[in-house]
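Open the model in your viewer and have the selection tool ready. This tour goes from one group of charged side chains to the next.

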Amino acid sequence: MEERQAIKIYLDEPRLRMTYGGRFLVRLFAIVGDIVFVFASIALVISEDSNLRYLGVLLFLGIIDRLINKEEGNEHLMDASKKEEINSADYLTGKNFRLIEKAFERSIIKQTSLHLELAESLFEAEMVEEGLRRLDVDPDEFSQKLSSLLKESSIPATREEKYRMLETLLSDALRTAFSSGHKSILVCDIFSSLALTPDAELGRLFRTFSLTAQDLEQAMVFSQASRRARALSLSGMIPEGHKRIRHRVMNRAWTARPTPLLDSFGIDYTDLAREGAIGLLIGHEKEYARTIDAISKSVSPNALLIGESGVGKESVVKHIAFSIIKDKVPAALFDKRLVGVDLSRLIAGAEPQEVQSRIQKIVEEIYSAENIILYLPDIHNLLKTSGSAYMSAADALLPIIQSGRFPVIGSTYPREMKRDIEAHSDFAGLFESINVEEISVEEAERVLTLSSILLEKQMKIEVSFGAIKTAVKLAKKYFSKGKFLPTSADELLKLAAGRAKDGGKKRLTAEEIMDVVESRINIPVKEADEDETGKLLNFEKIVHEKFINQEEAVKAVGDSLRAYRSGLARKGGPIASFLFVGPTGVGKTELAKIVTKMQFGSKDMMVRFDMTEYQDKQSFQRFIGSADGGVRGALTDAILEKPYSLVLLDEFEKAYPDILNLFLQVMDDGRLTDGMGRVVDFQNTIIIATSNAHSDIINTALGSGQSMTEISEYLKKKLTDVFKPELINRFSKVVVFRELSIEELAVVAKLQLAELAETLGEQGIELSFDDSVALYIVKAGYDRAFGARPIRRTIEEKFRAELAQKILRKEIYQGSNVRVVIESEKIVFKSGD
């Protein structure tokens, strides 16, 4: 309906234009007419005239049909798309019209908001109350706020003006009902459409409870579907295994033939669809339409579905089977059977000659039946060069597929497509290639809404819509490696439901979902608690306990983290991206390590690259992977493994230019496509690139007395000699690190000596240092070109090595108290035992 812009939706309901008295008379006449109709039917049935009795029976059947369909409108919504003009009143049930009529009349009499009156009227429906509860909204509190707003409401408008308001609302409700597959406009469709109205008072009410039109629609559908839930497997989204069910071979024209061998090695998807076990498709509409077009062609009616495991390739195939049994397919596919054959099962335990014999007999059965669509999952196995059985299967099947005598649907993965199929252009040319992408977040929410109905039945626990939304959002964010929506979210929802049930809870909320995610990834996903809030607000102070100077850099990182955890970070890009510029050994990498531990929970959550290893054209492929999957991408695979991490790019300026260009996209929209076409998400990463470029300018300017602000602005302009201006502008901030003084280096030395003392403390040895030791270490290893870097090496050479020998000689042992001092420019270890 959305695609047909020419469809006009209007409201033509004469009863709403009448006065209250006029509507009362119409209703009275209708009731009297119904009574007369019933008594006339009774009189005819008991008549002695047989013709009159038959007429009476027909009238009774009409009454029964009217009672059965009393909850449907005058017309079926599924037929609405065939019309150019639609009267929304034709799709209202009698009960829903009465709710609307009551609200409409009250708003005119009391001169209140029509939309608020409708909200109160519709709130009487149990479906609305349940839908709000699933959105974690207290129905009583909502009702009180609504009543309060109604008392304050004052919107004077004529009957005609309010009639037009209602017309707009019912147009939105009709579209919602159509997209949800409803036969009529239901209460849930009208209530969720209220969120689309421009009514300021109603908008205030919905904002108070954080309700959006989309959430209301999903929750109301959830409520309505759960009330009608039946023990069915919805679209195979909840795997229950293929049941052995009644097999139907014959088509309706009685021209088909049995296929016993094909049946023994295959799964008849049309049988499963006929039994109601599969069929529902959410998302993938374009892939489905292209597949139908491809297999309906008279020449080469073959389609190849390409997508990662779990992305929904088989869901498309199952929906084709469902459409076939519902006769919603082109004439070329009418009354067909869709049968899937597992190639590995076909060749299992058979010699090459037996494989060829099996395939030949199966093909003869397909030719004879003349109503088979063959589905070959993992069709790349046909092109395997290892294993004589696979080669025999390929030899037998490839000419048959090439003949195009019956439709074939194959499925494969992107890597196998690049590696195995594209290398055989003659084979690839037989198929129309169709990429099957991951469904959207909104579509995944719809899938989980339906699958949750079965989950509730199985686990005897109520699932809130907030739990569904959170499961989809966090699964997409943190569990995207190797798993796709809706599978990843469905697994998370089930795990949380199991834990909630074990904990004696009757309701699954977003809180339980977040608890499960935090336990699995050790990352805070809830709103910042008091402890985390304290750390964020005091970020600079905490960092400077272990990090010396560079206030601008620390503040820039702190500001970004606070914005991220408060929900104010820019949408679409990484959490933040920084270019740290400055001389060697001034703390650029050390700050990145501290941020990794504070924000991501562990130093292991850093993904680090030395960009000097990626300076040539060949390294580009090593960085994002090759098209055939033969070379894995170092960056892309790392982020798929750790989607929530800090990416450190050391000596960024030395990277190959094409690699630098990659980060234009990464820092702009937080996404990168790897060599095999997979989209890698960087939106949960912090990117820090370091560079020594023009560091001599910093030292010279500082020496001449310039401030860091002046130096920073000049250096950023000079960096265009090294980086493209558009790349520099993509960074959240370019931070200039200054050279550390001797005194500051001494503080760095103290911190590293404290780490050494902590290590020995774990062995029961107490180690302390005289104040002169730190300055001695700095002077012993000082090199202005390397900043603080030589300090660690000096400690290794002058302390660790000597301490190791003393421990092995038992001069220092558990319980020893050792103080290190400097005497006559030499290091002396004094025992205080």
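A salt bridge is a side-chain nitrogen of Lys or Arg within 4 Å of a carboxyl oxygen of Asp or Glu. Side chains of opposite charge can pair when their charged atoms come close. The model on screen is a predicted one, and it holds 40 salt bridges. The stops below visit some of them.

**Stop 1: Arg 507 and Asp 136**

Select Arg 507 and Asp 136 and show their side chains. They meet in a salt bridge, with N and O 2.9 Å apart. Which parts of the chain does this pair tie together? Arg 507 belongs to strand 10 (residues 507-508), while Asp 136 sits in the loop between helix 6 (126-134) and helix 7 (139-152), so the bridge joins parts that are 371 residues apart in sequence.

**Stop 2: Lys 476 and Glu 438**

Next, select Lys 476 and Glu 438. Their closest N and O atoms are 2.8 Å apart, and the two residues form a salt bridge. Lys 476 is found in helix 22 (residues 465-478) and Glu 438 in the loop between strand 8 (432-435) and helix 21 (441-459), so this pair ties together parts that are 38 residues apart in sequence. Lys 476 counts as partly exposed, with 32% relative accessibility. Glu 438, with 25%, also counts as partly exposed.

**Stop 3: Asp 559 and Arg 562**

Move to helix 27 (residues 551-565), which contains both Asp 559 and Arg 562. The two are three residues apart, about one turn of the helix. Their side chains meet in a salt bridge, at 2.8 Å from N to O. Is Asp 559 buried, exposed or partly exposed? Its relative accessible area is 34%, and Asp 559 is partly exposed.

**Stop 4: a network**

Select Arg 106, Lys 110, Glu 117 and Glu 120 together. Salt bridges link these four residues in a network.

**Stop 5: a positive patch**

Finally, select Lys 457, Lys 460, Lys 501 and Lys 506 with the surface shown. Together they form a positive surface patch. Where is Lys 506 placed? Look in the loop between helix 23 (487-502) and strand 10. Lys 506 has 66% relative accessibility, and exposed means over 50%, so Lys 506 counts as exposed. Strand 10 is also where Arg 507 from the opening stop lies.

Key
Residues numbered from 1 in each chain as written. Predicted model: local features only at pLDDT ≥ 70, side-chain atom pairs only at ≥ 80, totals over all residues. Heavy atoms only, no water. Helix = DSSP H or I, 4+ residues; strand = E, 2+ residues; numbered from the N terminus. Buried < 20%, exposed > 50% of the residue type's maximum accessible area, 1.4 Å probe, protein only. Patch = residues over 30% accessible without salt bridge, like charges linked within 9 Å, V, L, I, M, F, W, Y side chains within 5 Å. Areas by Shrake-Rupley, 256 points an atom, 1.4 Å probe, with all protein chains shown as cover. Lys, Arg positive; Asp, Glu negative; His and termini not counted. Charge placed at Lys NZ, Arg CZ, Asp CG, Glu CD.
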